[in-house]
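User: I am new to reading protein models, and I would like to learn how to look at pockets and salt bridges. Could you take me through them slowly?

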Amino acid sequence: MLLAKSAELRVGRWLERISRTFAYAGGVVLAAIALVTVASIIGRFFLFAGLGPIKGDYEIVEMGSAIAIFAFMPFAQYKRAHVVVDIFTLRLSQRAQSFLGFMGDVLIALAAGVIVWRFWLGLGEKIPYGSEAVRNFFSMGYKPFFAETTYELSVPIWIPYSFAFIGAVLFFVVSLFTVWRSLNWTLEGREYQP
């Protein structure tokens, strides 16, 4: 008795493609961060030749790292690539192992839900747009008096925050899917490699 196994497989293929694309985008962001860091270090080394560090390099690394982390999380959840200490569970039956995997997926989905909820509240404090009615409808809180920006580059904080929020939402959606998938695995009595 499985719960809509064919629908689960279709949704799984769709979510895998989207989360894989996000992971590739996160890799591009990390590569860009690495290039900025290298260029900034080289610029610092050649100060005597008129070069210098890249302005706002720390801010670029900070914003890019946050975006990349949340871009990687959905694919890691889909593939069950999180750290697992299974030294005690290896001796359990397949059904018990799949049930523990199901419970782990439930806990991750709860944590992802809390992350999205808190992210949304924080994003509402950062975005200086929208009427009071719209902001109240979406529970965004009061509009900030001044848009918060980074110190050196003056990038509005809500922009990288929004990109990271999109990754967090996808992480939550993938987490809900993995609960569905692992419930079916538990009902079958064994886990599969995603």
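Analyst: What follows goes through the pockets and then the salt bridges. This is a predicted model, in which local features need pLDDT of at least 70 and side-chain atom pairs count only at pLDDT 80 or more, while totals for chains, interfaces and linings use all residues. Residues are numbered from 1 along each chain as its sequence is written, and side-chain values use heavy atoms, with hydrogens and water left out.

User: How much space lies in the largest pocket, and which residues are closest to its centre?

Analyst: Rolling a probe the size of a water molecule over the atoms shows where empty space is left. A pocket is an open set of points on a 1 Å grid over the protein atoms alone where a 1.4 Å probe fits, with protein on both sides within 12 Å along at least five of seven lines, and lining residues have an atom within 4 Å of a point. Here the largest pocket holds about 610 Å³ of space. Its lining has 22 residues, and R80, V84, Q97, G101 and E191 are the closest to the centre.

User: What is the volume of the second largest pocket, and which element gives the largest share of its lining?

Analyst: The second largest pocket has a volume of about 150 Å³. Among its 13 lining residues, E8, L9, Y78, R181 and W185 lie nearest the centre. Helices are DSSP runs (H or I, at least four residues), numbered from the N terminus. The elements giving two or more residues to this lining are α1 (5-45) and α5 (158-188), and α1 has the largest share, with six residues.

User: How many salt bridges does a search of the whole structure find?

Analyst: A salt bridge is a side-chain nitrogen of Lys or Arg within 4 Å of a carboxyl oxygen of Asp or Glu. The search finds eight of them. In one, the closest N and O atoms of K5 and E188 are 3.5 Å apart, and this pair links helix α1 to helix α5, 183 residues apart. K5 and E188 also belong, with E8, to a network of salt bridges.

Key:
Points joined across faces, edges and corners; volume = space filled by probe spheres on them.
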